[in-house]
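Here is a short briefing to read alongside the model. Take a look at the structure first, and then we can walk through it together.

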Amino acid sequence: MGMSAKILFIGDVVGGLGKRTLFALLPSLRERHEPDFVIVNGENVAGGTGITPRVADQMFAAGVDVITLGNHTYRQREIYPYLDRETRILRPANFLRRQPGHGSCVVTSGDVRLGVVSLSGNLFMDPGRPAFAEADAALSDLRNRIDHLLVDMHAEATSEKVAMGWHLDGRVTAVLGTHTHIPTADQRILPGGTAYQTDVGMSGPYDSVIGVEKELVLHRFLTGMPGKFEAAKGNPKMCAALIECDPNTGRASSIQGIMLGE
Ligand SMILES: [Fe+2]
Ligand SMILES: [Fe+2]
């Protein structure tokens, strides 16, 4: 530990509009904040569910360092071999070991080594293995190879995300929540020095129900009948968290929530 760095983390990118918004806004965000690392949750980028190799390649080409995923990881079959061979794309570490892909990686910028861990909550989700035990295992695996560590806690329940923040406080640089697509206003540095936010919020269409075309969701609520969901197209915004790493402690010195319209 002992290196300064800035991390820009962008919440769940939803559909083509989310992707276009990300690519449109990333250059100016980079210019303004000069992040050393850019991490993007890409679990909804392929039409709302999953990701394809082509889109993942586009994101890396746009300067994204690490892509994290979540419960929609396996929606697009063509990504399976890509998940096994590309080290910088992560599915939750607490999925079953035999499932394609891996849950953590280390990336470098200059002399700074950043570990990234993807986790899935267990409440109302079905990742196969327990998140809290896996978090501890990932930490002991990475500890000697990194200066900073960011955890994407992809979970439905706010309680489970808050609990993970406390569990890892003082041991990692940041615990950021994803999956619920609604940015929360609780960014803070926990007493042990870990940056925390319950949900970073999605990057995509905000005239929607968490990214889905609102008429389709309302139809389901009103009629109780199933129907096809599609990513919405209105009111694009990009949500992110900017974390400044404390060079003296390996923890965080600040966290700032960012929401930008196109
Ligand atoms: Fe999700
Ligand atoms: Fe999502």
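Which residue bridges the iron ion (ligand 2) and the iron ion (ligand 1)? The bridging residue is Glu-43, and the two ions lie 3.4 Å apart. Before going on, please note that this is a predicted model, in which local features need pLDDT of at least 70 and side-chain atom pairs count only at pLDDT 80 or more, while totals for chains, interfaces and linings use all residues. Residues are numbered from 1 along each chain as its sequence is written, chains are lettered from A and ligands numbered from 1 in the order in which they are written, and side-chain values use heavy atoms, with hydrogens and water left out.

**The iron site**

- The iron ion (ligand 2) is coordinated by Asp-12 (OD), Glu-43 (OE), Asn-44 (OD1) and His-181 (NE2), at 2.1 to 2.2 Å.
- Donors here are N, O and S atoms within 2.8 Å of the metal (3.2 Å for Na, K and Ca); water is not among the atoms, so sites may look incomplete.
- Angles among the four donor atoms run from 89 to 163 degrees, and the site is irregular.
- Asp-12 lies in the loop between strand E1 (5-10) and H1, and His-181 in the loop between strand E8 (174-178) and strand E9 (188-189), so the pair ties together parts that are 169 residues apart in sequence.
- Helices (H or I, at least four residues) and strands (E, at least two) are DSSP runs, numbered from the N terminus.
- Asp-12 counts as buried at 0% relative accessibility, and His-181 is buried too, at 5%.
- Buried means under 20% relative accessible area, exposed over 50%, and partly exposed in between (1.4 Å probe, protein chains only).

**Helix H2**

- In helix H2 (residues 53-61), the buried residues are Pro-53, Val-55, Ala-56, Met-59 and Phe-60.
- These residues fall within an arc of 165 degrees seen down the axis of H2, so they line one face of the helix; the arc is that of the directions from the helix axis to the C-beta atoms.
- The face turned away from the buried side carries exposed Arg-54 and Ala-61.
- The buried residues of H2 pack against helix H1 (15-33), strand E2 (37-41), strand E3 (66-68), helix H3 (80-85) and strand E4 (89-90), where contact means heavy atoms within 4.5 Å.

**The open sheet**

- Six strands form an open sheet in the order E5-E6-E7-E8-E10-E9, with mixed pairing.
- Strand E5 (104-109) and E9 stand at the edges, each with a single partner strand, so one side of each is left without a neighbour in the sheet.
- Strands pair if DSSP finds at least two bridges between them; E6 and strand E7 (residues 148-154) run parallel and are joined by seven.

**The loop between E6 and H4**

- Asp-126 sits in the loop between strand E6 (112-120) and helix H4 (131-142), and counts as exposed at 76% relative accessibility.
- Arg-129 is found in that loop as well, but Arg-129 is buried, with a relative accessible area of 15%.
- Beyond neighbours within four places in sequence, Arg-129 is in contact with residues including Phe-95, Asn-122 and Glu-134.

Methods. Four donors count as tetrahedral if all angles lie between 85 and 135 degrees; four count as square planar and six as octahedral if opposite donors are over 155 degrees apart and all others between 65 and 115; anything else is irregular.
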